[in-house]
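Please read the points below alongside the sequence and the coordinates.

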Amino acid sequence: MRVATDVGGTFTDIVVFDDAVRESHGTIRVAKVDSTPPDFEAGVLRAIRKTGVEASGFDQFVHGSTVVINALLSRRGARTGLITTAGFRDVLEVARANRPDLFNFNFRKPPPFVPRHLRCEIAERVDYKGSVITPLALEEVAPLAAYFQEQKVGAVAVCFLHAYANPDHEGQVATRLRELCPGISVLASHEITREWREYERTSTTVLSAYVHPLAHRYLGSLADKLQTAGLPGSPHIMQSNGGITTIESAAANPICMVESGPASGMLGALALGKMLGERNLIGLDVGGTTAKCSLVKDATPHVMNEYYIERTRTYPGYPIRTPVIDIVEIGSGGGSIAKFDAGGKLHVGPQSAGAAPGPVAYGRGGVEPTTTDAHLLIGRINRRNFLGGEVTPDMDAVRAAFSKLGAALGVDAIEAARGVVRIANADLVSALKLVSINRGYDPRDFKLVAFGGGGPMHAVALASELLIPEIIVPINAAVFSAWGMLMSDLRRDYVRTRVVRLDAADPGELDAVFGEMSDTALAELQAEGVSRDRMVFERWADFRYKGQEHTVKVALPVEPVTTAAAAEWVERFHAEHAREYAFRLEAPVEIVNFHLVGKGLVHAPGLPRLAEAPAGDEPPEAGRRDVDFDQLGVHPTRIYIRDRLAAGHVLTGPVVVEEPATTVVIPPGWQSRVDSLGNLRVTRVNQEQGELNTA
C-alpha cells in the first residue's frame with residue numbers, strides 16, 4: 001500500500017494506492033481536508049483517518065509540504081548567524097548590481113536574512129582552484145561560538161569564499177562549531193551546494209540554515225506521529241528536483257524542499273504522459289492559494305539550478321542554488337481575493353482567503369469575494385454539491401460580496417463575477433506563456449494537463465487563448481500532485497563548478513569529474529538500500545560562450561568522454577542556445593558546472609483501466625442547469641458525475657463534469673472523450689487553429 005500526502009496552503013491531499021489489487025478497479029482512494037497551519041502534520045493525520053485506512057498497512061509513505069517556502073515568506077525561521085571568509089562579511093548586503101527596477105530612485109535592496117552584527121569573519125582563504133592561500137585560524141571559532149550563544153542564535157551558516165573547490169576549511173569550522181554549540185543548527189555551504197558565486201551560495205546556505213530548526217522539528221514531529229499511528233517504516237520526502245529522498249536527508253538540507261509540492265504535480269504530468277505516449281506537455285496546477293505551471297519537452301522536465309523567492313518584475317528577491325523543476329508560480333488560486341489597488345484597478349490575488357476563513361461561500365467569516373465564489377455565482381460549480389456536499393454555500397453572502405464589487409465598477413453582481421474569472425484567466429495565460437513562448441516553445445505543439453481543484457475549470461479558456469489543441473484532465477485531478485509523488489524516484493543531484501574551455505580540455509579530465517560524482521552517488525544510493533540494477537545516472541552540464549555571464553543547461557550522454565564526444569557536446573550547446581535565444585556564436589565554448597543526477601528507480605503504480613462503454617451507450621446525465629460561459633453566453637448545460645463515466649463516452653459541450661473537489665467546464669465548441677485510464681481528453685469540435693497571439 002503506497003500513500004502520498006501533499007500539504008498546500010489551503011488543502012491537504014492524500015492518495016492511497018493499494019498495490020495488492022492493482023488490476024482491479026477502484027484501487028485508489030483519495031481525500032482532501034483543510035490544511036492546519038502551523039501544525040500541518042495534524043492535517044496529514046486527519047487526511048489519513050478520512051481515507052479509512054490504517055498507517056500500519058503502509059509500505060511507502062511520501063510527503064510533500066509547503067513548510068519551508070511558507071517559513072521563508074512569512075519570516076518564521078530561526079535567528080541566524082553567518083561565519084565567512086575575512087573581508088566578505090557584507091556579501092549578502094552587496095548582493096548584485098543588476099537592479100530590476102532600473103529607474104526607481106527609491107529602490108531598496110532586499111534586507112539580508114542575517115543582520116550585520118550576526119555576520120562574522122574568520123581568517124582563512126583558498127583560491128578558485130582550491131589551493132590554500134591563508135591557513136585556517138581554527139582558534140577563532142570558540143569566541144564566535146560564545147558570541148552566537150549570547151545572541152541566542154538558533155542556526156549558523158558557514159560559507160567560505162571558494163569552498164566549492166576545497167571544502168576542508170568549512171568542514172573543520174562546522175565540526176568545531178557543532179562541538180561547542182550542540183543546541184544550534186550548523187550548516188556549511190559545501191553540504192548544500194558546490195557551485196561558485198559567493199553571493200548566491202551564501203544566500204542559499206543562509207536560507208537553508210534559517211529554516212533548518214523549523215524543518216527539523218516539523219519532519220521529526222511528522223515521523224513520530226506517523227510511527228505512533230503505526231507506520232512501519234520511515235517516510236520519504238518530496239524534493240524540488242522532482243525526486244524523493246529520506247527524511248534524514250531532507251532534514252539535513254531543508255532548502256531542497258522549497259518547491260516540493262508543485263514539483264510532484266509536474267512529475268505526475270510527466271508520468272501520465274508516458275502512459276499515454278505524449279512527450280510534449282504543459283502542466284497546470286491551480287490550487288486554493290497559487291497556480292503552478294511547467295513544461296515537459298521530449299518526456300523531460302527542465303530542471304534548473306537557479307531559483308528565487310519573492311522575485312518580481314521590480315524586486316530581485318533572494319537567490320537559491322538548488323536543483324528545482326522549472327516552475328512558474330503565481331498567486332492565483334480558488335481562494336484568491338478580488339480587490340482594488342490604491343489606483344482603483346481590480347486584481348485577483350495574490351492574497352488568498354486560505355482555508356480559514358476561506359471563500360465567502362464557506363460561511364466562516366470571509367467577506368471578500370474569491371475566484372471560487374465567482375464560479376459558484378455563474379453556475380460553474382454545483383451549489384447543491386459544493387465540495388462533495390460537505391459545505392452548503394452561503395449564496396446570499398456571495399451575491400452581496402459581488403454586488404458590492406460590481407457597484408464600484410458600475411456593473412451588476414454577475415458581470416463582476418465574470419470579470420473576476422476573466423482576470424484570473426489572463427493571469428494564468430501570462431504564466432503559461434512564461435514557460436512556453438518566452439522560452440522558445442510554441443504551445444500549439446503541446447498538450448495541456450490540467451489538475452488541482454481549479455485547473456479543470458479554467459483549462460479550456462486558456463487553451464482557447466493559446467491555441468493548445470488538447471487538454472488532458474486526469475482522474476482524481478484535485479489530488480493529482482499527491483499521486484505524482486508516488487511516481488517519483490529517489491533522486492540525488494550533484495553539481496560541481498569547474499570552468500573548462502572545451503577546445504582545450506583533456507577528455508580524461510572531463511570524464512574524471514563525472515566519475516567522481518558517480519562514485520559519490522553510487523555510495524549514497526547504496527546506503528539508502530537501492531540495488532545497483534535499480535540505479536540510473538544522467539549527465540548534464542551548464543555551458544556558455546567564452547565571455548558570457550550566464551549559462552544554458554544541456555543533457556549529455558552517459559558514456560566515456562572522447563575528443564569526438566566533447567565536440568558533440570559543443571554542437572548540442574549551439575543548438576540549445578539557438579533555440580532559447582535565437583542565435584549562435586562562432587566563439588569558444590566553456591563548461592561552467594558539471595551536473596550528475598543519480599536515481600534509484602521505484603516501482604511506480606499504474607492506473608486502473610475503466611470498463612468500456614457498450615457501443616452506442618450514452619453517458620448517464622446527473623441533471624441540467626444554466627451555466628454562464630461568459631462571452632459564449634448562458635446555456636442549459638448537461639451535468640455528469642465523473643465516477644459514472646466509462647471509457648469511450650463522448651461529451652459534447654456545453655457540459656460540466658463534477659468530481660467531489662473539482663469541476664471540469666467544457667463550453668460550446670469543445671468536446672471530451674473518456675480514455676481507458678479515465679482521463680478526459682478535451683478537444684475542439686473544429687480543430688482548425690488560427691494565428692497565435694504571442695504578446
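1. The model is a predicted one. Leaving aside neighbours within four places in sequence, Trp483 is in contact with Val15, Ile28, Gly268, Ala271, Leu272, Met275, Pro605, Gly606 and Leu607.

2. Trp483 also belongs to the largest nonpolar core, which has 101 residues. Trp483 is listed there among the residues with the most contacts inside this core, together with Ile471, Leu510, Phe543, Trp569 and Val657. The greatest contribution to this core is from helix H9, residues 260–276, which supplies 7 residues.

3. Another core lies apart from the largest one and has 79 residues. Val44, Ile83, Val114 and Cys159 are among its members. As a general remark, nonpolar side chains in soluble globular proteins tend to be buried together.

4. Phe17 deserves a separate entry. Phe17 sits in strand E2, which covers residues 11–17. Phe17 counts as buried because its relative accessibility is 1%, and the cut-off for buried is under 20%. In sequence, Phe17 and Leu486 are 469 residues apart, yet their C-alpha atoms are 8.7 Å apart in space.

5. The last point concerns the surface. Which residues make the nonpolar surface patch of about 210 Å²? The patch is made by Phe340, Leu409 and Val411. Of these, Phe340 is found in strand E19, residues 336–340. Phe340 has a relative accessible area of 31% and is therefore partly exposed, as this class lies between the limits of 20% and 50%.

Key:
Residues are numbered from 1 along each chain as its sequence is written. This is a predicted model: local features need pLDDT of at least 70, side-chain atom pairs count only at pLDDT 80 or more; totals for chains, interfaces and linings use all residues. Side-chain values use heavy atoms; hydrogens and water are left out. Patches are made of residues with over 30% relative accessible area and no salt bridge: like charges are joined within 9 Å, nonpolar side chains (Val, Leu, Ile, Met, Phe, Trp, Tyr) within 5 Å. Accessible areas come from the Shrake-Rupley method with a 1.4 Å probe; for residues, only the protein chains shown count as cover. A salt bridge is a side-chain nitrogen of Lys or Arg within 4 Å of a carboxyl oxygen of Asp or Glu. Helices (H or I, at least four residues) and strands (E, at least two) are DSSP runs, numbered from the N terminus. Buried means under 20% relative accessible area, exposed over 50%, partly exposed in between (1.4 Å probe, protein chains only). A nonpolar core is a set of buried Ala, Val, Leu, Ile, Met, Phe, Trp, Tyr and Cys residues joined through side-chain atoms within 4.5 Å. Contact means heavy atoms within 4.5 Å.
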